[in-house]
Structure formats: C-alpha cells, structure tokens
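Here is a short note for a colleague opening this entry for the first time. Please read the points beside the sequence and the picture.

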Amino acid sequence: MAPLSPRTRALIGFAALGLFWGAFGAALPALQRRAEASDAELGLALVVLAFGALVSMRATGVLMDRFGAALTPVAVGAFAVTGLLPGLAGSPVELSAALFVLGAASGAMDVAINADAVHDELASGRSLLNLAHAFFSGAVVLASVATGLLRWAGAEPPLIFSLAALAVLGAAVAMRTGPDRWLPEPGERPRFFQRVAGWLLLLGGLGAVAFWIENAWQSWAAVHLERTLDAPPAASALGPGLFAAAMTAGRLAVHRLSRPGAERRVLVAGAALAGAGSAIAAAAPSVWLALVGIVVAGAGCSVCAPTLVSIAGRAAPRAERATVVGSLTTLMYLGFLVGPAVVGGLAEAATLRISLASVAGLAFLLALAFALAPFPARRSG
C-alpha cells in the first residue's frame, strides 16, 4: 500500500477530529446523566475543557517546529487515548478532570493538523485549509447523526466514546507513515516565551470575533428556536445541525471557487453573510425563517477561521509556521470561549432576540474590519 500524501493525511486528521466532536456533542446529555452533573457543573466542565485546549496550543506549535510532522500522529494518538476518558467519568469532578485532559489533547491535535495543512498549501501551491475544515464540519454532522442512532439503540457513553476513540486511533495509524512529510528547519528554533508579532495579534483578534459569532449560534440556536419561537424539540434540534451542514457547504464552495489572493474578499463576504443570516434569525417571526437565517449565518461563518489560518501560515517564516498556527488558534479560541457567555449575559439583561441581534451587528463590524485591516504579506520562503 502506497504511503498517504500530505494532503490526504491532513484531510484524514480533520475528519477524525470532527467525528469525535460530533459524537461528543450528541452524547453530552448522556455524559451529564452518567456523571450525575447539574447544569452548572456541566457548564464548568465545558469551560475546563476549553482551558485545557488553550494550555496546549502554542506549546504544540513550538514542538512541531522543533520536530516536524512526525509529531502529528503522536498528537492524534494521544487524543485517541484521552477520548476514552469522558465515557468513564462517574462524577462531576471526574468529568471535569477528564475534559481538561481531553481538551489539552484536542488542542494539540488541532494545531498539528492545521500546521500540516499550512505546510502542504505552501509546498503544493494548492488551497487546502477550507477543504480540510469542510471535512471537519461534515464529519461533525455525520457523527452527530450516528451517535443519535446509537443512543436510540441503547448505547451508553463508554461504548460511544470507545468507538469514537477507535476511529481517531485508526486515523493516527494511517497518518504515521510517509517519506514526504515536512521536516523542521535547521538553525534557531522558536521559543515558547517570545514576542508575538503585531500582525499575528491582529489576525488572532479578528479570528476571536469570528469564533465568537460562530459559537454563539452553535450554542444558542436551539435555545432561540425553542424559547423564543416555541419550536418543538425536533425542530429546535435542526438549528445546530443545519448550522454545521451550512459550514460544510460554505467551506467546500470557497475551496472550489476562490483563488489565491482573494482572501480579503472571502473574509469580507463571509462576515457580511454571517451578519445578514444572524439578523434574519434573530428577528424571524417563524421557526422556518429563523432556520433560513441560521443556515445563512453558518455559511458565512464557515470561511473565516480556515482563511485566517491560511493567511497566517503564508506570512510566517518557515521555521516558525507551526508556532504561528498555535499562537493564532490560541488567540482565536478566546472568542470561542467568550461568545456564548456574553450572549447569555445579554439575554438575561434584555432578551435573547436582542442578544442575538447584537451578534449580527458584531458580524457587520467584523466585515468592515476585514475590509480595512492591513494583512501581512506572503513570504516566499
């Protein structure tokens, strides 16, 4: 059997990550029940999960620049092993501990596969990031449906997470070989503690706002449909699912239609589309119009993160590309953490409609920022 190409390895990695998190989201109610966790305890465990990812992301980038792509299957394998832990948690404390370790391993895998994709884009001259992120989103949708069927058949968390971890482990094995993987550059290595370039802080800040908008809808779409518009549970569950499906379609469309040099136009159009969709969904008088808005918002949000990672990777010195990717994802992930909490706080102070309408306004401001921001130039080396 011929070794996999770097492009195929990257796509496998993104699909494996999506499969696991799709299963995780669909199994979350069963996890909460098994751990006997209250809503507040589950919320705390999910925050701990996110902090675990933040802890590992930049460190993984630094290590990748020291050891090269040989580290990627190690990171994927470590994530597979930790993927068993949530299904074994029998108390809120055990669940929080398991999710912290899982988050750290997930953050490491996330940076590793993104760094590999950036290196392949630059080596091959072909775009990859939007396609790779589309594989992730598509796998989330498939795994969510499959996990729902497993739960309907009576499967409990230990079995669900064993199957998810086995899929990730299979990806690690498939990704472990290949003579054409990128190697670290000779000479001085990046350090964990060093100055972060201004352009990277700018891209990270813009990405954090994009993630804020994205996770606001992922977290609150079903609640908005059910609480504001009195949708039945079956209809409200369509919100997150259609949002993820729209993200898959948006990324595939940009991968096929966009050309190098069009990154700014893609980002401006994506943020504007996210704003329009958010406004429609927030103001919609009916469930079905709200679902249309959620789909439009998902399509717009979909292109921001992969396009920003691509811009950062192209601007980074070759010896520091993985470190730059790790730093960027860390900064962006802060928005992923903050967004849902701010939406909830504003909804408490006013209404959920007003809170989600503010997300639309934020998306339009992001489109303006993308139009005016000074993006870094691509490096030739």
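1. Start with the fold. Along the sequence, the protein chain runs α-α-α-α-α-α-α-α-α-α-α-α-α-α. That is 14 helices and 0 strands. Keep in mind that this is a predicted model.

2. Next, overall size. The protein chain has a radius of gyration of 20 Å, close to the 21 Å from the globule rule for 381 residues, so it is as compact as a globular protein of that length. Its C-alpha trace spans about 60 × 50 × 40 Å along the principal axes.

3. Now packing. In the protein chain, 53% of the 381 residues count as buried. Take the contacts with a separation of 6 or more: 85% of them join residues 24 or more positions apart.

4. Aromatic rings deserve a look. The count is 6 aromatic pairs. One of them joins tryptophan 21 and phenylalanine 24, edge-to-face, at 4.9 Å centre to centre with 70° between the planes. Both residues sit in helix α1 (residues 6–35), 3 residues apart, about one turn of the helix.

5. Tryptophan 21 has 18%, so it is buried. Phenylalanine 24 has 6%, so it also counts as buried.

Notes. Residues are numbered from 1 along each chain as its sequence is written. This is a predicted model: local features need pLDDT of at least 70, side-chain atom pairs count only at pLDDT 80 or more; totals for chains, interfaces and linings use all residues. Side-chain values use heavy atoms; hydrogens and water are left out. Helices (H or I, at least four residues) and strands (E, at least two) are DSSP runs, numbered from the N terminus. The radius of gyration is taken over C-alpha atoms; the globule rule is 2.2 Å times the number of residues to the power 0.38. Buried means under 20% relative accessible area, exposed over 50%, partly exposed in between (1.4 Å probe, protein chains only). Contact means heavy atoms within 4.5 Å. Rings of Phe, Tyr and Trp (its six-membered ring) pair if their centres lie within 6.5 Å; planes under 30 degrees apart count as stacked, over 60 as edge-to-face and the rest as tilted.
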